[in-house]
Amino acid sequence: MVTVTYSGRPAWISGVAGATAGDIHQLDDGSYSGAAITITSVSGVTAKSKNRGGAILNGGPISIGASGLTFEGFDLQYVKAAGNFLTINADGVRFTRNKVHFDNGGTGDQQWIIVDADNVMIDRNEIYDKT
């Protein structure tokens, strides 16, 4: 088990993708923009903000397809015209202590959180500004 801190979004995504069970990969405080984040093929890993709410993620949607992943402590500020913002499609995922406030300004259907898996825990999050 290792704990690794990253100061850049691409390096953090790559680190999480190559992690092993029990590893903690944390993103330093800051605002990070970019394309979609897809996490698959790892199990039992923690992907987190170094300080709760300190790492702000905005840009494309997030897809979690990694069993047993914990996704923790981020400030999620995504803007998308239509579609899904966060999709969890792996068993045993924990989505915790995040701030979730996506933009409602687009047209068409917007689904903020989609869960298509078993034993998923969504707890201690602040979800607001959905209209």
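## A first look at this structure

Ile-37 has Ile-62 of β7 as its bridge partner. Keep in mind that this is a predicted model.

Strand β4 and strand β7 (residues 62-65) run parallel and are joined by 4 bridges. They belong to an open sheet of 4 strands with parallel pairing, ordered β4-β7-β10-β13. At the edges lie β4 and β13 (110-115), each of which pairs on one side only. From one strand to the next, the twist averages 15 degrees.

Now turn to helix α1, which covers residues 9-17. Its buried residues are Arg-9, Trp-12, Gly-15 and Val-16. They sit on the same side of α1, because they cover an arc of only 125 degrees around the axis. Pro-10 and Ser-14, on the other side of α1, are exposed.

What do the buried residues of α1 pack against? Here are the strands:

| Strand | Residues |
|---|---|
| β1 | 3-6 |
| β2 | 24-27 |
| β3 | 30-34 |
| β4 | 37-40 |
| β5 | 46-49 |
| β8 | 70-72 |

Strand β5 holds a residue worth a visit, Lys-48. Is Lys-48 buried or exposed? Lys-48 is buried, yet has no salt bridge. Glu-72, the nearest side chain of opposite charge, is 4.9 Å away, and a salt bridge needs the side-chain nitrogen within 4 Å of a carboxyl oxygen. Leaving aside neighbours within four places in sequence, Lys-48 is in contact with Trp-12, Ile-24, His-25, Gln-26, Leu-27, Glu-72 and Phe-74. Trp-12 brings us back to α1, where it is one of the buried residues.

Methods
Residues numbered from 1 in each chain as written. Predicted model: local features only at pLDDT ≥ 70, side-chain atom pairs only at ≥ 80, totals over all residues. Heavy atoms only, no water. Buried < 20%, exposed > 50% of the residue type's maximum accessible area, 1.4 Å probe, protein only. Helix = DSSP H or I, 4+ residues; strand = E, 2+ residues; numbered from the N terminus. Arc of directions from axis to C-beta. Contact = heavy atoms within 4.5 Å. Lys, Arg positive; Asp, Glu negative; His and termini not counted. Pairing = 2+ DSSP bridges. Axes fitted to C-alpha atoms, helices over the stretch in contact; angles between N-to-C directions.
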